[in-house]
Amino acid sequence: MPAPAARISSSSALAALLAQRPLIEISAVTERGWRLARQGLAPAHPTNLEDLARIHCGLHSARQLTPWVTLHARQSTASPALLRQSLIERRLLRLRCMRRTLHLVPQDLAPIVHSATLAQRIAPCRLALQRSGLSARLWSAVSDAVTLSLEDGELGYRDLEHEVIARVPRLIRRRDDCLAMVRLAIKTLWEEGALLVGDSSPSLHHEHRTFALTTQAAPGLDLNALTPRAATSQLLPLYLEGYGPASVRDFRWWSGIGLSDSLPAWEDLADHLVRVRIAERPHEELIALDRTISALLEGQWETLVDDGAAQVLAYEDPALKGYFATRWRYVDHAHQHRLFNTIGEARASLMLDGRVAAVWHWDRPSQSPRLEPLRPLRAGERDRLNTALSRVTGYLRSEPLLR
């Protein structure tokens, strides 16, 4: 049994701790094939919807089309109804978590991502309440009105607002910012875990947001069952399982959790970490879990890279959002600004052989995509990209545009 890792309190101490771990070297093409397979993007490695969400620690859903295109990229024959049913049955929950963005998360992971990221999400709510000048008694009255309004079942967002306003004291209703206070109460209760968000839309092109009490929508689920520290210590290995080899900065970017808050998690996991060096980038070292190293070293991952297929990735596809310091694995530095916008959002893209070759845009009025290559395309590459885009076009056009 190895001796417990020494306590760490700074980035330099963390670097020293990691430097003690074993080192392996792999090629860039091995890493690329491993990543394609691990994240469900290799045709020979399909997996079900909930497992896809579990591997990625949640599927991004801040943009309406994102989770649907994410599913199609990994299960091209799956019907949109599959995702709708998972949401209706609450097998996937729509939570704000990493970097305060919306994700679809399996129930078993929900307490982990919720508690690990709660501080970064609840702080803006508390600041807004402080600035409102609303007393604790009146704030409690607004919050109670939200809960009472949902006791008889799920409500659409606008219906919930109207119900709550009818229940709050007249003193609040006379305020010019009454609606803003009601919305803040709904948001705060959602961030705290008392409410769950749903979507009753029959089409992937539209959102009909609903709210329900967590106790009614997911009986037995306690989103606050873990302390933030315990949750972060569980989140880090889940991240490395799905995204490793990765860097410390990659995890900080992906999670939104500051280094001081994540240091105990690295410490807890230290004895199970392995350094990974990419042969073509000898000055960079990444981190992986020891339990994945044998599979990484023994698999024929290179064969998955040049299979002739192109992958169509969604806006904010979770595979692209998993990295920051090591975005070179997807695109050359000269093109990173075209793949990632100024706030770090990943544009919808197309991959060839595990690297991003183009971005694409969905034009809603014409229901058609627009292709924008990031580099000159070789013979046959444009055809591969257009073939992949035609498949996703048919998929998106299969769902109605509601009036």
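Reply: A cavity is a set of grid points where a 1.4 Å probe fits but cannot get out, and its lining residues have an atom within 4 Å of a point. The model discussed here is predicted.

Me: Which elements give two or more residues to the lining of the largest cavity?
Reply: The lining consists of Ser61, Arg63, Gln64, Pro67, Trp68, Leu83, Leu87, Arg94, Leu104 and Asp199. The elements that give two or more residues are α4 (66-74) and α5 (80-88).

Me: How many nonpolar, polar and charged residues are in that lining?
Reply: Pro, Trp and Leu count as nonpolar, while Arg and Asp count as charged. By class, the lining of the largest cavity has 5 nonpolar, 2 polar and 3 charged residues.

Me: What is the volume of the largest cavity?
Reply: The structure holds 3 cavities of 30 Å³ or more. For the largest cavity, the volume is about 80 Å³.

Me: Which strands are the edge strands of the open sheet of 4 strands?
Reply: The order in this sheet is β10-β11-β12-β13, with antiparallel pairing. From one strand to the next the twist averages 30°. An edge strand pairs on one side only, and the edge strands here are β10 (310-313) and β13 (368-373).

Me: Which residue of β13 is the bridge partner of Trp362?
Reply: Strand β12 covers residues 355-363 and pairs with β13 in the antiparallel sense over 6 bridges. In β13, the bridge partner of Trp362 is Pro369.

Me: Where is the cis peptide bond from Gly244 to Pro245 placed?
Reply: Most peptide bonds are trans. The bond from Gly244 to Pro245 is cis, with omega near 0°. Pro245 lies in the loop between α12 (228-243) and α13 (248-255).

Me: What is the phi of Cys57?
Reply: Most residues other than glycine have a negative phi. Cys57 is in the loop between α3 (49-55) and β2 (59-60). Although Cys57 is not a glycine, its phi is positive, at about 55°.

Me: Over which residues does pLDDT stay under 50?
Reply: The chain has a mean pLDDT of 93, and 97% of its residues reach 70 or more. Where pLDDT is low, the predicted coordinates should not be read in detail. The stretch with pLDDT under 50, for which the model has 15 contacts beyond four places in sequence, is residues 1-8.

Note on methods:
Residues are numbered from 1 along each chain as its sequence is written. This is a predicted model: local features need pLDDT of at least 70, side-chain atom pairs count only at pLDDT 80 or more; totals for chains, interfaces and linings use all residues. Side-chain values use heavy atoms; hydrogens and water are left out. Two strands pair if DSSP finds at least two bridges between them. Axes are lines fitted to C-alpha atoms, for helices over the stretch in contact, and angles run from 0 to 180 degrees between N-to-C directions. pLDDT is the predictor's confidence in each residue, from 0 to 100. Contact means heavy atoms within 4.5 Å. On a 1 Å grid over the protein atoms alone, a cavity is a set of points where a 1.4 Å probe fits but cannot get out, and a pocket is an open set with protein on both sides within 12 Å along at least five of seven lines; lining residues have an atom within 4 Å of a point. Grid points are joined across faces, edges and corners, and a volume is the space filled by probe spheres set on the points.
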